Every structure is written in C-alpha cells, then in structure tokens.
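Me: Hi! Could you walk me through a structure, one bit at a time?

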Amino acid sequence: MLFGTHISAAGGVDKAPINAHKFLCECYQFFSRSPQGGKAPELSAEIIKKFKANNKKFGFKDFYIHAPYYINLASLDNKIYYGSISVLKEELERGSLLGAQYLMTHLGSAKEMETTLAIKKVALGIEKILTGYNGKTEFLIEISAGAGKIMGDSFEEIKLILDNINLAARKKVGVCFDTAHAFASGYDLRDKKTVTKVFDVFDKTIGLKKLKLIHLNDSKAGLGSHTDRHAHLGDGQIGLAGFKALLADKRLQKINFILETPTEAGMLKDIEWLKKTRGI
Ligand SMILES: [Zn+2]
Ligand SMILES: [Zn+2]
C-alpha cells in the first residue's frame with residue numbers, strides 16, 4: 001500500500017518524479033500529454049533517460065498515466081470515437097516506453113445512444129485498443145460518477161463492458177476505483193460496514209482480481225448525486241471514518257492509492273494523514 005498524488009508534468013514528463021518527491025509521494029500519477037487536447041509531446045530517448053534517472057534518484061517504481069479528459073469510447077461521432085481509440089493506443093505505447101504500470105481512462109458519455117448499444121461500442125473500442133498490444137502498461141477502466149450518460153458508473157455496467165470484450169483483450173483490462181466517483185454513483189463508503197459491503201459487491205460483480213488502483217478523493221457532492229466534485233480527505237461527505245476503513249480493509253493492502261484532491265497545500269496534508277493512518 002503506497003500513497004501518491006496526481007502530479008503536474010509541466011515542463012516535461014521528466015519533471016514528474018521531481019514534483020512527486022516534493023509532494024512526499026511514494027507513487028504518483030500524471031498526464032503524459034495535455035488533458036485538454038492536442039498532439040502529445042515527443043518522448044525522445046533523452047527525455048526517457050532523464051525520466052528514468054529521476055525515478056531512480058527518488059526511489060519511484062510505481063507510477064501511472066491518466067488519459068486525457070476528452071476520451072469518448074461511446075461517441076456516435078466517428079472522429080471522436082476513433083480519435084479516442086488512437087489516443088489511448090498511443091498512451092499505452094508511451095506508458096510502456098516510460099515504464100508506467102497503468103493507464104486509466106474515463107469511458108465517455110453515451111449521450112443519446114441506448115445503454116446496451118453504448119456498452120457494446122465501448123467494449124469494441126477497448127478490443128481495438130488492446131488487440132495486438134503487448135506493452136508493459138496495463139489498461140484500466142475508471143469508475144465514473146455517472147453524470148449525464150457517462151459510462152462505467154456501476155459495477156454491473158463495468159462487468160457488462162468487460163463481458164463484451166473478447167477474452168484475449170479482456171485479460172489485459174483492469175479497474176481503477178475512485179472513491180468520490182463511486183460515492184456519487186451511490187456506493188456508500190462512510191464507515192467500516194459500508195466499505196466492507198462495497199468491496200464485497202465489487203468482488204461478487206467484477207472480481208477483486210481486476211481492482212488495480214484506487215483514486216482516493218473525498219466528495220463535496222452527496223451519495224448518489226452523480227456529481228463529480230473532489231474534496232480533501234475529511235472535508236467532504238465520505239469523511240475520515242470511511243477512509244480509515246478503506247486503509248484497514250485486508251483485501252486492499254496490496255493496492256496503491258492516488259490522491260486527486262483540489263489544492264497543493266491540502267494534498268500535502270492528505271498524504272501526511274494517510275501515512276499516519278496506514279497500518280492502524
Ligand atoms: Zn480520472
Ligand atoms: Zn473525478
């Protein structure tokens with residue numbers, strides 16, 4: 001169980017480990033390209049070398065890439081759909097060059113499309129991304145808060161998506177659990193009893209073997225509100241008792257946790273609290 005935060009890679013990916021060290025991280029996450037759009041900056045041999053040297057210097061072995069926000073694998077617009085597939089393929093290859101363990105992505109919104117069709121479309125997109133891919137970086141579906149018709153907001157829906165992916169590709173797909181998103185999607189995480197239940201249900205529906213990473217965020221928005229608003233730990237509606245229960249859950253001891261909380265000062269406080277609370 002390692003703790004880290006989402007880190008800025010402004011000025012080049014080789015700066016990410018330096019920033020992660022400043023934030024007292026034990027693992028970290030970053031964008032390898034602008035989350036808003038545009039071509040990915042080149043990963044030259046020189047940059048990769050610097051990146052790896054900085055990781056070694058600060059002792060980082062675990063780091064992850066978050067896909068850009070404009071990804072939509074449920075879009076009826078072919079330009080967006082195939083554009084998303086090609087960006088995710090690129091990010092997996094870039095992650096492999098850097099040695100990242102995981103690439104997590106939001107799936108996008110089905111908008112006017114019927115849900116069963118959208119599930120098939122997302123699954124087919126993931127199949128296209130992973131067919132022929134043999135890199136090191138694993139592909140993770142991130143659970144969403146489910147605003148509008150954003151896909152992947154329930155364990156059942158993620159399971160249906162997985163079931164629609166062919167076996168060879170499905171083996172390469174894992175899940176990233178985000179506490180704020182899950183809470184907004186109706187999964188109560190406020191105490192030991194509810195946390196135990198949520199991961200029982202996860203295990204029964206998807207299987208805990210698929211759980212690879214957790215985004216640790218409190219939620220400004222209420223249970224089942226389908227609103228994605230992160231808060232610092234203890235500063236939202238989940239509360240510290242819920243996070244204590246998560247850290248203490250025996251099934252999660254080998255999982256790493258990434259904070260995506262709003263401010264830099266608050267993030268430092270969050271990570272200090274996590275380190276203090278681990279193992280209790
Ligand atoms: Zn995310
Ligand atoms: Zn979020």
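Me: Which way do H3 and H4 cross, left-handed or right-handed?
Reply: H3 passes H4 in a right-handed crossing. Keep in mind that this is a predicted model.

Me: Okay, and which residues make that contact?
Reply: On the H3 side they are Tyr 81, Ser 84, Ile 85, Leu 88 and Lys 89, and H4 brings Gly 125, Lys 128 and Ile 129. Sorted by class, the contact has four nonpolar, two polar and two charged residues.

Me: What about the angle between the axes of H3 and H4?
Reply: The axes of H3 (residues 78-98) and H4 (residues 115-130) cross at roughly 40 degrees and come within 9 Å. That angle makes H3 oblique to H4.

Me: Switching topic: which residues touch the most other members of the largest nonpolar core?
Reply: Those are Tyr 28, Leu 103, Val 122, Ile 126, Leu 140 and Val 175, in a core of 81 residues.

Me: And which helix gives the most to this core?
Reply: H4 does, with seven residues.

Me: What is Ile 126 in contact with, leaving aside neighbours within four places in sequence?
Reply: Ile 126 is in contact with Leu 73, Ile 165, Ala 169 and Val 173.

Me: One more: where is Leu 160?
Reply: Leu 160 belongs to helix H5, which covers residues 155-163.

Me: Why does Leu 160 count as partly exposed?
Reply: Because Leu 160 has 18 C-beta neighbours inside 10 Å, while a buried residue needs 20 or more and an exposed one has 12 or fewer.

Me: How far is Leu 160 from Pro 262?
Reply: Their C-alpha atoms are separated by 32 Å, and the two residues are 102 residues apart along the chain.

Definitions and conventions
Residues are numbered from 1 along each chain as its sequence is written. Chains are lettered from A and ligands numbered from 1 in the order in which they are written. This is a predicted model: local features need pLDDT of at least 70, side-chain atom pairs count only at pLDDT 80 or more; totals for chains, interfaces and linings use all residues. Helices (H or I, at least four residues) and strands (E, at least two) are DSSP runs, numbered from the N terminus. Axes are lines fitted to C-alpha atoms, for helices over the stretch in contact, and angles run from 0 to 180 degrees between N-to-C directions. Angles under 35 degrees count as roughly parallel, over 145 as roughly antiparallel, 65 to 115 as roughly perpendicular and the rest as oblique. A crossing is left-handed if the near helix is turned anticlockwise from the far one by less than a right angle, and right-handed if clockwise. Two residues are in contact if their C-beta atoms, placed from the backbone, lie within 7 Å. Ala, Val, Leu, Ile, Met, Phe, Trp, Tyr, Cys and Pro count as nonpolar, Asp, Glu, Lys and Arg as charged, and the others, Gly among them, as polar. A nonpolar core is a set of buried Ala, Val, Leu, Ile, Met, Phe, Trp, Tyr and Cys residues joined through C-beta atoms within 7 Å.
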